Amino acid sequence: MKILAIDGNSIINRAFYGIRLLSNKKGVFTNALTGFFNIYLKLLKEESPDGVAVAFDLKAPTFRHKKYDGYKAGRKGMPDELAAQMPYLKEILTAMGIKIIEVEGFEADDILGTIAEISEENSADCTILTGDRDSFQLVSDKVKVHLASTKADLIYTPAAIQEQYGVSPKQMIEVKALMGDASDNIPGVAGIGEKTALSLIQKYGSVDKIYEDIQGLDVSAGVKTKLENGKASAYLSRELAVICRDVPIEKELSAYRPSKPDVEKLSAILTELEMFALLKKLDIKAGAVDKTHEKAVEPPMLSGGFDVIFDGGKLLRCDGKTAELV
């Protein structure tokens, strides 16, 4: 069995910033939705998974916030133009028969980690679709990360991570413990950046090994002092960096097989949003349109691969309904 696990927040956020603002006649924004489903349908065709799950964060504090008050402090809120598209995303996914998972107290990454764990336990292949590198620690012989990028999507296997970073997937946790993560406000060790953190883990293997004999480390006096002063922060950061792999979700992989799509509902939603290119890709006819808009000129819609849009492709054809980028 093959499972596709999607980081919903990460992908729609990347889609939002990757495509210029689009909206229907009523002013409802659709650019993030367009990008999300371009990415999803492209990967669906490539992977042909048996099961699909989309994980989302909730606003409620997680166990990490309880461990560290500063976790994700200072992060900017979601733009209104993106927030307005989130309910539509979940409504469309549900109508498509795709499983949505949200669990209070946990992040989307933890849900992805649990699906990865379940997949490994059942000898199933799992592809994680995300826009950030937090999930690299989950990579294994059965789990790969498909990283959506602004230029070209990248596939991460254990060999790919070893080649790029010189460490194993699980050692990425140790690296983050030392270097921290500004986006999540994980402190790490003050003054230790990615290059030094990678060098230390490549040489000593783990935070534990580093602190077992810190005086015997083959490092400069300055790095040694930073490590000594930042020991407590390193261990706290490692706790925050570890993805939970035991979130209380459905443990049977068969639960993630898509159910029969609600074609009538999909037609109504996508017609309302004037996402005609997506209707065409799904081979669904548009629903009834309000007669007051019959003579209105429909705005051009962007379609095509999300990676192409990111690469700044040129507009080649516009027939009044769709605009194709290549």
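This note sets out points on the architecture, helix packing and selected residues of a predicted model.

1. Overall composition. The protein contains 15 helices and nine strands. Of its 326 residues, 48% are buried. When contacts between residues at least 6 apart in sequence are considered, 65% of them join residues at least 24 apart.

2. Helices H8 and H12. Helix H8 spans residues 171-179 and helix H12 spans residues 231-241; the two pack with their axes 8 Å apart, at an angle of about 135°. An angle over 145 degrees would count as roughly antiparallel and one of 65 to 115 as roughly perpendicular; H8 and H12 are therefore oblique to each other. The crossing of H8 past H12 is right-handed. On the H8 side, the residues that meet H12 are Ile173, Glu174, Lys176, Ala177 and Leu178. Their counterparts in H12 are Ala234, Ser237, Arg238 and Ala241. Sorted by class, this contact of H8 with H12 comprises five nonpolar residues, three charged residues and one polar residue.

3. Helices H8 and H9. H8 also packs with helix H9, which covers residues 194-204; their axes come within 9 Å and cross at roughly 135°. H8 and H9 are therefore oblique to each other, and their crossing is right-handed. H8 contributes Gln171, Glu174, Val175, Leu178 and Met179 to the contact, while H9 contributes Glu194, Ala197, Leu198, Leu200 and Ile201. By class, the contact of H8 with H9 holds seven nonpolar, two charged and one polar residue. Glu174 and Leu178 of H8 are named in the contact with H12 and are named again in the contact with H9.

4. Helix H11 and its covering. Which residues of helix H11 (residues 221-229) are buried? They are Val223, Lys224 and Leu227. These residues lie on the same side of H11, because they cover an arc of only 100° around the axis. Ala221 and Asn229, on the other side of H11, are exposed. The elements that cover the buried residues of H11 include H8, H9, H12 and helix H10 (207-212).

5. Helix H13 runs over residues 263-272, and its buried residues are Leu266, Ser267, Ile269, Leu270 and Thr271. They pack against helix H5 (86-95) and helix H14 (276-281). After H13 comes Glu274, with a positive phi near 60°.

6. Positive phi at two serines. Ser48 is a residue other than glycine with a positive phi, near 50°. Ser48 is placed in the loop between helix H2 (31-47) and strand E2 (51-55). Its relative accessible area is 53%, so Ser48 is exposed. Ser123, which is likewise not a glycine, has a positive phi of about 55°. The loop that holds Ser123 lies between helix H6 (108-121) and strand E4 (125-130). With a relative accessible area of 55%, Ser123 is exposed.

7. Gly35 in helix H2. Is Gly35 buried or exposed? Gly35, a residue of helix H2, has 0% relative accessibility and therefore counts as buried. Gly35 and Gly18 are separated by 17 residues in sequence, and their C-alpha atoms are 7.5 Å apart in space.

8. Gln162 in helix H7. Gln162 belongs to helix H7, which covers residues 158-165. Its relative accessibility is 41%, so Gln162 counts as partly exposed; the class between buried and exposed begins where buried ends, under 20%, and stops where exposed begins, over 50%. With neighbours within four places in sequence left aside, Gln162 is in contact with Val167 and Ser168.

Methods:
Residues numbered from 1 in each chain as written. Predicted model: local features only at pLDDT ≥ 70, side-chain atom pairs only at ≥ 80, totals over all residues. Heavy atoms only, no water. Axes fitted to C-alpha atoms, helices over the stretch in contact; angles between N-to-C directions. Helix = DSSP H or I, 4+ residues; strand = E, 2+ residues; numbered from the N terminus. Parallel < 35°, antiparallel > 145°, perpendicular 65-115°, else oblique. Left-handed = near helix turned anticlockwise from the far one by under 90°. Contact = heavy atoms within 4.5 Å. Nonpolar A, V, L, I, M, F, W, Y, C, P; charged D, E, K, R; others polar. Buried < 20%, exposed > 50% of the residue type's maximum accessible area, 1.4 Å probe, protein only. Arc of directions from axis to C-beta.
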